[in-house]
Amino acid sequence: MTSFFKSPLFGISLILVIIAATLPWYVSGYILGLLTVAYYFGVFAMSWDLLFGFAGEVNFGPTFLIGTGAYTAGILNNHYGLPMYPCIALGAVAAVIAGFVLALPALRVRGPYFGLTTLVAVLILQSFIVVFADLTGGEIGLTIPDVLSIDAGVNYWIALGFMVISAAILFGLSQSPVGLVLQASGQDPVQAGALGFNIVKHKLAAFIVSAFFSGLSGALLVFYFGTASVGTVVDIAVGVQVIVAAVLGGRRTVLGAALGAIFLIVAGEFLRPTGELATFIVSAVALVVILFFPGGFLGSVLSREARS
Amino acid sequence: MLALQILIDGFAISALYALGATGFTLIFGVSGVLNLSHGAIMVAAAVAAWAAASVFQLDSYSGALVGVAIAALLSLLTYFTVVQPIQRSNKIPNEEKEIFVLTATLLWGIMIQEAIAYFFTNNAKTVLPIIEGVVRIAGIRTPANTLFTAAVCCLVIALLWVLVNRTRTGKVVLAASMNPRGVTILGFELTNVYIVVWIIYGVLAGIAGVLLGMFLGVSSYSVGPLTASAFSIVVLGGLGSVSGSLIAAFVVGYLETFTAYMISPAYRSIPALLLLVIVMYIRPQGLLGRR
């Protein structure tokens, strides 16, 4: 851990964060808005990477956790008039509960079965949102009366600060002994269990941490957008984007996932002139990276460092 | 009356599901690949059949053939450009290959979906039925094509059974699903076996796609739900077990039809999803799965 503070990676991250923090003084509100969304996505991708990269569990339903957090916060704010910050906190709590409920049956199964269980969870959540339209706004979406801030700069700083804190906690966790146990149980559960580690407990913990940050980020995102809709926080396509971001940035790196998310969102925006082909191009680039550079953006850098 | 209606409609949709899921489970059984571009290949087949008939003015038989051929080609392309590079890659650790195949085929499916949306728009397309007209069965008006769909599905599944159990190629495929190394030792090129399986898969997915295009119509939005339904049916039945998939397809098909008729079409997919979660909890390997 202490070696990390001396490593070049820490210096580079610090410089990048400082540059990012000064952006509101010289770039337009449009770019700030784009990056704000990208930072929340970065947190989604990092919490997903904790589960996949370390615990070795492919969670096809990151949006189950994100959506639960987002919709809980939105419904409490819209229907019960709770102030914003309690709503966000309760959204994160709801996501943790959802993560727990999902993890208990899901952790009994492995590999594709686990993936399917999480995928089904998203489909069920989506169906319930559409069916209970009175409460959730259905397919049209839910309007949220409160907003984080009306100033693009402040919104940006909140998002950046949130991402940096989450990154520090998640990365710290991944480098800690707990992270190593997780990694071991992801790669060889039998051997890790034989060494006396309680695999289920560790994986459950990873699930809960992942759920906490996903839900918190989802709740913040809806207060930034001012709406919660299936298309922005629940749809499988959103989950796919989170997964692609994490794999693109480099699995098992945590920080790479945030980079991947920022890249995806910004690239999607740059490709907007190509119209409907934008998604095609982004998917194709992601596919090429997966096929030829399976380590992703940060994977090769980090593994070289680990060797030295 | 209503019961008979549910029986007929449910049978057709179940048979379609069964056909779609059989190919999916075959690929998994033989090469351990879960192909998440499945829905995209089905939709591509239906759209190709639609385009052949409406743009190039072919009759509905040739259109259907074009659709199936496109699906078989796409399936081979999936194997050579996406699956094989990952399986042969030495940069990806073996235990993570499954996850990479899942992610890569998912992306591949999105690419196919977006390409379809770009060239043929997102609008829903209905493939012209091969058989026109309406048949009355005990007073229930049923489109003749629904019966045709059910009949074709059953016939193709029967043919597949014969192919796998009674022909030399089929036996090699079966052997490869049990012990790939043993098959190689006996002098069969494993890649050729995989090519055969992917072609069979493409043809099955293509037929299912074209029939679905006639029965319900498809659009590029159906890609996700189609993949998800095939995935859930296959897992419900037990991964790699063809007979399990068949049973599961009928369970899901009838459950959905029953819900749509008796409760509301809006709730159509919910009971099936809940059933899946319950089965996952009680019997994680599925109905007839082996672990």
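## Packing of α8 and α11 in chain A

In this predicted model, helix α8 (residues 152-175) of chain A packs against helix α11 (residues 199-225) of chain A at an angle of about 175 degrees. Angles over 145 degrees count as roughly antiparallel, and α8(A) and α11(A) are therefore roughly antiparallel to each other. Their axes lie 12 Å apart.

On the α8(A) side, the contact is made by Asn155(A), Phe162(A), Ser166(A), Leu170(A) and Leu173(A). These residues meet Val209(A), Phe213(A), Leu220(A) and Tyr224(A) of α11(A). By class, the residues of this contact comprise seven nonpolar and two polar, with no charged residue.

## Helix α4 of chain A

Helix α4 of chain A covers residues 62-80, a run of 19 residues. From its first C-alpha to its last it reaches 27 Å, close to the 27 Å expected at 1.5 Å a residue. The helix is mostly covered, with 17 of its 19 residues buried. Gly81(A) follows α4(A) and has a positive phi, near 60 degrees.

## Val254 of chain A

A positive phi is also found at Val254(A), a residue other than glycine, where the value is near 60 degrees. Val254(A) is placed in the loop between α13 and α14 (255-270) of chain A. A residue is buried if 20 or more other C-beta atoms lie within 10 Å of its own. Val254(A) has 30 C-beta neighbours inside 10 Å and therefore counts as buried.

## Contact between chains A and B

Between the two chains, 33 residues of chain A are in contact with 38 residues of chain B. On the side of chain A that touches chain B, α6 (111-131), α13 (236-249) and α15 (277-292) each supply at least two residues. The most is given by α6(A), with twelve residues. In terms of class, this side of chain A has 24 nonpolar, seven polar and two charged residues.

## Helix α5 of chain B

Helix α5 of chain B spans residues 144-166 and has 23 residues. Its reach from first C-alpha to last is 32 Å, close to the 33 Å expected at 1.5 Å a residue.

Several positions in α5(B) are buried, namely Asn145(B), Thr146(B), Thr149(B), Ala150(B), Val152(B), Cys153(B) and Val156(B). In an α-helix there are 3.6 residues a turn, so residues three or four places apart point the same way.

Notes:
Residues numbered from 1 in each chain as written. Chains lettered and ligands numbered in written order. Predicted model: local features only at pLDDT ≥ 70, side-chain atom pairs only at ≥ 80, totals over all residues. Contact = placed C-beta atoms within 7 Å. Helix = DSSP H or I, 4+ residues; strand = E, 2+ residues; numbered from the N terminus. Nonpolar A, V, L, I, M, F, W, Y, C, P; charged D, E, K, R; others polar. Expected span 1.5 Å × (residues − 1). Buried ≥ 20, exposed ≤ 12 C-beta atoms within 10 Å, placed from the backbone. Axes fitted to C-alpha atoms, helices over the stretch in contact; angles between N-to-C directions. Parallel < 35°, antiparallel > 145°, perpendicular 65-115°, else oblique.
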